[in-house]
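Hi,

Here is the structure I promised to pass on.

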Amino acid sequence: MTSFLRPLAYRHRWIYDTVTAVSALSVGGVSRLRGLGVEALQNQLEAGAAVLDLCCGSGEAAAPWLAAGFSVTGLDIAPRALDLAAIRQPQMHLVEGLAEDPPLADERFAAVQISVALHEFPRKERVQVLTSCLRLLQPDGWLVLVDLHPAGPWLKLPQQLFCALFETDTATAMLEDDLVFQLNELGFCSVKQELLAGQALQRITARKPPSAQP
Ligand SMILES: C[S@@+](CC[C@H](N)C(=O)[O-])C[C@H]1O[C@@H](n2cnc3c(N)ncnc32)[C@H](O)[C@@H]1O
């Protein structure tokens with residue numbers, strides 16, 4: 001079930017940006033939220049390495065990677081978001097496609113980021129997205145996920161309200177799942193989870209094993 005506010009927020013950019021800004025306060029502001037992926041992996045990657053921002057939207061979470069000198073490809077299903085990304089991040093290579101089956105070559109990326117987007121997928125499709133990440137990553141490549149996590153006592157209520165107003169059932173379903181377990185089951189290694197923002201947010205880094213078959 002989705003409230004009327006979600007389509008409204010996607011149609012009117014200022015609503016989406018305001019909701020993001022308010023939610024990001026718990027993690028220290030929008031630029032910290034957007035930079036969580038690059039912050040986690042910057043020191044693990046070679047300068048200028050190829051990075052995929054899967055479900056890039058209008059490119060806000062790709063911007064810190066670009067600023068750090070990485071070569072960034074952004075993939076999203078929404079042409080409107082990609083049009084905006086092309087204006088906001090002209091250096092980014094943009095691809096329209098499905099994250100469940102990205103039209104991109106195997107083992108092309110040193111890192112894949114999925115920033116606050118995995119909760120958009122039902123369980124089965126979420127597995128497809130993560131399996132695609134294994135296919136797209138070079139051996140030893142890195143995945144970084146930033147997404148919702150069941151909040152601790154202080155933010156439980158605000159998180160429930162946020163999910164009810166702006167998210168779909170897929171978000172609540174993801175909150176019931178253990179992403180660390182899921183990533184290990186799919187064949188990722190070195191899976192590490194950090195809880196942020198009163199536990200309302202999780203950042204997970206994981207690696208494709210050197211000889212993993214996609
Ligand atoms: C909440 S936004 C996050 C955007 C961006 N990653 C960020 O951090 O600002 C989720 C994005 O996922 C995209 N998306 C949803 N389903 C998708 C799919 N099946 N394939 C590719 N992108 C998808 C949406 O179009 C939207 O841009």
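Valine 51 stands opposite alanine 111 in β4. Strand β1 (residues 50–54) runs parallel to β4, and 3 bridges join the two. Before I go further: this is a predicted model, where local features need pLDDT of at least 70 and side-chain atom pairs count only at pLDDT 80 or more, while totals for chains, interfaces and linings use all residues. Residues are numbered from 1 along each chain as its sequence is written. Helices (H or I, at least four residues) and strands (E, at least two) are DSSP runs, numbered from the N terminus.

Both strands belong to an open sheet of 7, with mixed pairing and the order β3-β2-β1-β4-β5-β7-β6. The edges are β3 (93–96) and β6 (189–196), each of which pairs on one side only; strands pair if DSSP finds at least two bridges between them. From one strand to the next, the twist averages 15°.

Helix α6 lies across β1, β4 and β5, at about 150° to β5. Axes are lines fitted to C-alpha atoms, for helices over the stretch in contact, and angles run from 0 to 180 degrees between N-to-C directions.

What does alanine 111 touch? Leaving out residues up to four places away in sequence, its contacts (C-beta atoms, placed from the backbone, within 7 Å) are Leu41, Leu45, Ala49, Val51, Gly141, Trp142 and Val144. Ala111 and Val51 are also among the residues with the most contacts inside the largest nonpolar core, which has 55 residues. Strand β5 (residues 137–148) gives the largest share of that core, 7 residues. (A nonpolar core is a set of buried Ala, Val, Leu, Ile, Met, Phe, Trp, Tyr and Cys residues joined through C-beta atoms within 7 Å.)

Is each of them buried or exposed? Val116, in the loop between β4 (109–115) and α6 (123–136), is buried, because 22 other C-beta atoms lie within 10 Å. Asp140, in strand β5, is partly exposed, with 15. The cut-offs are 20 or more other C-beta atoms within 10 Å for buried, 12 or fewer for exposed, and partly exposed in between, with C-beta atoms placed from the backbone.

Cheers

Methods
Contact = placed C-beta atoms within 7 Å.
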